[in-house]
Amino acid sequence: MRNLSRWSTVASAVSTAAESEQSIDHGIEDPLLQERDLNSEASIELTANLDDGPKKSKRFRSLDLMRGFIMVIMAWDHTKDIVADTTQKGQEGWNGEGATWNNNFMFFFARAISDICAPGFFYTMGISIVLFSSKRIEKNWSWKRILNHFVTRSIILFIVGRLVNPPFMVPGLLAILRGDDFSDWRSGAVYNMSNVEDFVMKMVVGIFEVMTGLSLVMFVSATCFLYPLWVFHKRYPSVGSRFFGDVVPAEILTAAMFVLLFVWSNVIIVHYQDGHLRDPDTSSWPFAPSKNFWQDFLRFFILPGPVRKYAFAAYPIVPWLGITLLGMGTGFAFLHSFEKAQRKFGVMSLVFFILFLVLRTFGGAFGNIRGYPRHDGSDSDQYHVNWIIEYFYMSKYPPSPTYALFWLSMNFGLILLFSKEAFNQLPDTNHDHWLKRFIHACSKILLVFGRVPLFFYIVHFWFICTIFGVPLELMYGVDYRVRLPLAIPFWIVLIIAMYPICVKYGTFKKSQPADSWWQLI
């Protein structure tokens, strides 16, 4: 791989691949480069066999497109949470009453599709860490400077994570100030003027969500694993095998780490569940809120749950680090041979899906934290749900091995899909079928979002909660929600409104120098 020039380190929920600048010149012309005034953000730039022509760098569009798609799905999930009536008890964590979605498959599906987002964020972050480091080494950066860069990024991600809790407070706080009660459907707590301070503290401190997880995992993976893996890859760039041809040892090593970290997480969680998935003793550790530094550490490291009085740690380091290391292995495979690495995504998607089916159906407590194999919702009790909901209801907090296998298989499939010719060539407006022109138009939108994911992530929260949430609260009351299908127009309006905003920000960001702080957002 040569002339590695622009890549975005994943930085959001969202995404969260932050946008640095890298490209790899393979002597293949990209006919879509003429649209850079619209799609101005930097992204991974690798190769694709499009047309013969003079040598130009070509963006690795499939990852940009996948990130853009993930941002659109994430926007749907957050829109429906604010405006739609999907109220239910339960949650998707490793203990307590499980989510039932009112035994409504559409409620379940509307939520479940967004589960593709977080694994995609962490996986592409791993790829970006390796490719960014490779380019900076070519520019004679020291390892100290590279590590300082990732430490700075992780701090920024952590701070950004604090900016997305307050918007959710706006409609509820407005209702409280008007003298109404506000009920938190997730916890069941009721807030009014008598305890408004608790409400504000809970929403400001709030949930340490995906952005916090990304920041912590970026810090650990870059400071503890990047340099040793880099040295290992340089010493053993590839080895020959009888059945698989050339293999990249760093890719195999990170895959083994992925397995070990998820096994470790699964064993610890099942041990503490002690067979009490739905009715744990919430007065004692580890189900009660953490009370000391060691318990706080475990919350962020491997046992997600309430932290002290107001906070909740949702994304523990151990399992999500496994997904990021898997992405780093893919990054090393890209450095060795992009063409061979890209061809693997179809096989990887199929293998991960088959492993999911095997573990989900026959694994029991091994590989499954909640759902069908744990009899979590059977016997027609109050937890009973439709069998298909029970089968695909998996723990996200923390992610179970089956959760990771299923949703990573979907991510691999998306990367493969978005690498197809239909997404990577300009249509002929006079001769091409309308469907090809439609795919191209959708691709342009996804590219804009996929190249400014962190900016999209921050802004869309404030847009939903203020532009949608406040008017609904003023007109109909804080507990008012539309029917789920009616949330779709709100989502479409959000996507339409975010497009020009992201285009303008992308143009602005491209005009800033490479060392500008704007390049980190």
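Asn140 is exposed in this predicted model, with a relative accessible area of 70%, where exposed denotes over 50% relative accessible area, buried under 20%, and partly exposed the range in between (1.4 Å probe, protein chains only). Asn140 is found in the loop between α3 and α4 (143-163), the helices (H or I, at least four residues) and strands (E, at least two) being DSSP runs numbered from the N terminus. Its phi is near 70°, a positive value in a residue other than glycine. A positive phi, of about 55°, is also found at Asn102, likewise not a glycine, which lies in the loop between α1 and α2 and is partly exposed, with a relative accessible area of 44%. The loop between α1 and α2 also holds Thr100, which counts as buried at 14% relative accessibility. The C-alpha atom of Thr100 is separated by 8.9 Å from that of Tyr393, although the two residues are 293 apart along the chain.

Because the model is predicted, local features need pLDDT of at least 70 and side-chain atom pairs count only at pLDDT 80 or more, whereas totals for chains, interfaces and linings use all residues. Residues are numbered from 1 along each chain as its sequence is written, and side-chain values use heavy atoms, with hydrogens and water left out.

The protein as a whole contains 16 helices and nine strands, and 57% of its 521 residues count as buried. The protein exposes about 22000 Å², of which carbon and sulfur atoms supply 64%, the accessible areas coming from the Shrake-Rupley method with a 1.4 Å probe and, for residues, with only the protein chains shown counting as cover.

Side chains of opposite charge can pair when their charged atoms come close. A search of the whole structure finds twelve salt bridges, each defined as a side-chain nitrogen of Lys or Arg within 4 Å of a carboxyl oxygen of Asp or Glu. One of them joins the side chains of Asp77 and Lys80, with an N to O distance of 3.2 Å; these residues are three apart in helix α1 (residues 61-83) and therefore separated by about one helical turn. Asp77 is buried, with a relative accessible area of 5%, and Lys80 is buried as well, with a value of 3%. Lys80 also forms a salt bridge with Asp81, the closest N and O atoms being 3.0 Å apart, and Asp81 is buried with a relative accessible area of 16%. Asp77, Lys80 and Asp81 belong to a network of salt bridges that also includes Glu92 and Arg111.

A further salt bridge is formed by the side chains of Asp115 and Lys396 (3.8 Å, N to O). This pair links distant parts of the chain, 281 residues apart, with Asp115 in the loop between α2 (105-112) and α3 (117-138) and Lys396 in the loop between α12 (387-392) and α13 (401-418). Both Asp115 and Lys396 are buried. The loop between α12 and α13 also contains Pro398, which is joined to Tyr397 by a cis peptide bond with omega of about 5°. Another cis peptide bond, with omega of about 10°, joins Trp285 and Pro286, and Pro286 lies in the loop between α8 (249-273) and α9 (293-301).

Two packed helices are described by the angle between their axes and the distance between the axes. Helix α1 packs with helix α14 (residues 434-450) at an angle of about 85°, their axes being 7 Å apart. That angle makes α1 roughly perpendicular to α14, given that angles of 65 to 115 degrees count as roughly perpendicular. The axes are lines fitted to C-alpha atoms, for helices over the stretch in contact, and the angles run from 0 to 180 degrees between N-to-C directions. Among the residues that meet are Arg61, Leu65 and Phe69 in α1, and Leu446 and Phe449 in α14.

On the surface, Val259, Val263, Val267 and Phe366 form a nonpolar patch with about 350 Å² of accessible area together. Such patches are made of residues with over 30% relative accessible area and no salt bridge, nonpolar side chains (Val, Leu, Ile, Met, Phe, Trp, Tyr) being joined within 5 Å and like charges within 9 Å. Phe366 is found in the loop between α11 (338-362) and α12, and is exposed, with a relative accessible area of 51%.

Notes: Angles under 35 degrees count as roughly parallel, over 145 as roughly antiparallel, 65 to 115 as roughly perpendicular and the rest as oblique. Contact means heavy atoms within 4.5 Å.
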